Amino acid sequence: MKRNLLLFALAALLSLSLAACGNSSGQTAQTALDGRSPADYSVRLADPVLLDGKQVEPTYSVAEPVCAYTQFSDYQGKTASVVRGKVKTVEYFTRDRSAFTKMDLEITENISGDFIAGDIISVFKWGGYAPLSVTNPDIQERFPEITDEELANTVVDMRIDGDPHPITDQDIVVCLREQDQSNENVSGMYPIVGGYYGQFTNDGSGTFTRHVEYVPEGREAVGFSLAPHEIDRSNMTGTHKAFTFDQLKSELQTAIS
């Protein structure tokens with residue numbers, strides 16, 4: 001389709017971003033028994049979004065998170081566990097007309113919480129790919145020239161605040177809320193705190209970074225847009241752009257203890 005589709009299916013993202021600022025709730029994470037063997041706690045998606053042979057349309061989206069996580073202390077009371085892991089698989093699914101990403105992680109180090117190295121868990125965050133028919137079910141009413149074939153073969157790429165989609169074998173550290181049982185689409189998965197705010201990715205040089213938009217002084221709620229702009233990749237302190245793993249581990253353990 002030779003047009004920029006303005007997709008307004010991200011209202012759910014607003015409510016999710018607001019919810020992500022509350023205290024952790026839900027089931028308790030798996031209890032690590034003394035001497036137990038690593039276990040596979042990953043879940044299968046009932047209806048993953050398929051990308052092969054699809055036309056991909058980018059979106060312009062807005063989200064308005066209340067918690068900006070500009071300091072490590074912002075994670076306190078919201079984080080049930082912190083792990084370092086290797087991305088084994090990446091899949092996408094939909095919920096409330098929005099796109100989500102599921103990653104299966106093989107834990108390489110437990111930083112805080114009850115997991116152990118070798119456990120495999122499924123984590124999720126908003127952003128990903130979704131069928132156009134799901135994000136905009138009424139789009140043919142607004143654009144009658146879109147054919148049924150186009151509608152069936154188009155997926156929407158939702159990148160929230162420029163957050164890149166994960167790839168297999170990435171080395172990441174994630175802050176996790178407790179297991180989510182609120183919806184069958186995410187049952188058994190662990191939400192990443194604040195979406196991309198709670199994910200730090202090894203940039204290939206051994207240091208960990210995350211996407212962080214500019215937040216005005218006072219940390220008031222701000223609107224974010226995917227319209228092309230320069231992303232501020234500064235960390236919470238505003239002085240470093242990346243952390244060594246030991247620095248990140250120490251900061252997070254101190255913050256959530």
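The legends below accompany close-up views of a predicted model.

**Figure 1. Overview of the chain, with its five helices and 13 strands.** The chain has 257 residues, of which 46% are buried. Among the contacts in the chain with a separation of 6 or more, 75% are accounted for by residues 24 or more positions apart.

**Figure 2. The largest nonpolar core, a set of 26 residues.** Within this core, the residues that touch the most other members are Phe 72, Tyr 75, Val 173, Phe 200, Leu 248 and Leu 252. At least two residues of the core come from each of strand S3 (81-95), strand S4 (98-112), strand S5 (120-126), strand S8 (171-176) and helix H5 (245-256). Helix H5 gives the most to the core, with a contribution of five residues. Another core, which lies apart from this one, has 13 residues, including Met 103, Leu 105, Phe 115 and Leu 176.

Figure 3. When its neighbours within four places in sequence are left aside, Lys 88 is in contact with Asp 104, Glu 106, Ile 120 and Thr 168. One of these residues, Asp 104, is 16 residues from Lys 88 along the chain, and the C-alpha atoms of Lys 88 and Asp 104 are separated by 5.5 Å.

**Figure 4. Thr 154 in strand S7, which spans residues 154-158.** The relative accessible area of Thr 154 is 2%, so this residue is buried, the cut-off for that class being under 20%. The side chain of Thr 154 reaches the backbone oxygen of Glu 150, at 2.5 Å.

**Figure 5. The largest cavity and the residues that line it.** The structure holds one cavity of 30 Å³ or more, and about 30 Å³ of space lies in the largest cavity. Empty space of this kind is shown by rolling a probe the size of a water molecule over the atoms. The lining of the largest cavity is formed by Thr 101, Lys 125, Trp 126, Gly 127, Ile 160, Asp 163 and His 165. By residue class, this lining divides into two nonpolar, three polar and two charged residues; Trp 126 and Ile 160 count as nonpolar, whereas Lys 125 and Asp 163 count as charged.

Definitions and conventions: Residues numbered from 1 in each chain as written. Predicted model: local features only at pLDDT ≥ 70, side-chain atom pairs only at ≥ 80, totals over all residues. Heavy atoms only, no water. Helix = DSSP H or I, 4+ residues; strand = E, 2+ residues; numbered from the N terminus. Buried < 20%, exposed > 50% of the residue type's maximum accessible area, 1.4 Å probe, protein only. Polar contact = N/O pair within 3.5 Å; in protein donor to acceptor, adjacent residues only side chain to side chain. Core = buried A, V, L, I, M, F, W, Y, C linked by side-chain atoms within 4.5 Å. Contact = heavy atoms within 4.5 Å. 1 Å grid on protein atoms, 1.4 Å probe; cavity = no way out; pocket = protein on both sides within 12 Å on 5 of 7 lines; lining within 4 Å. Points joined across faces, edges and corners; volume = space filled by probe spheres on them.
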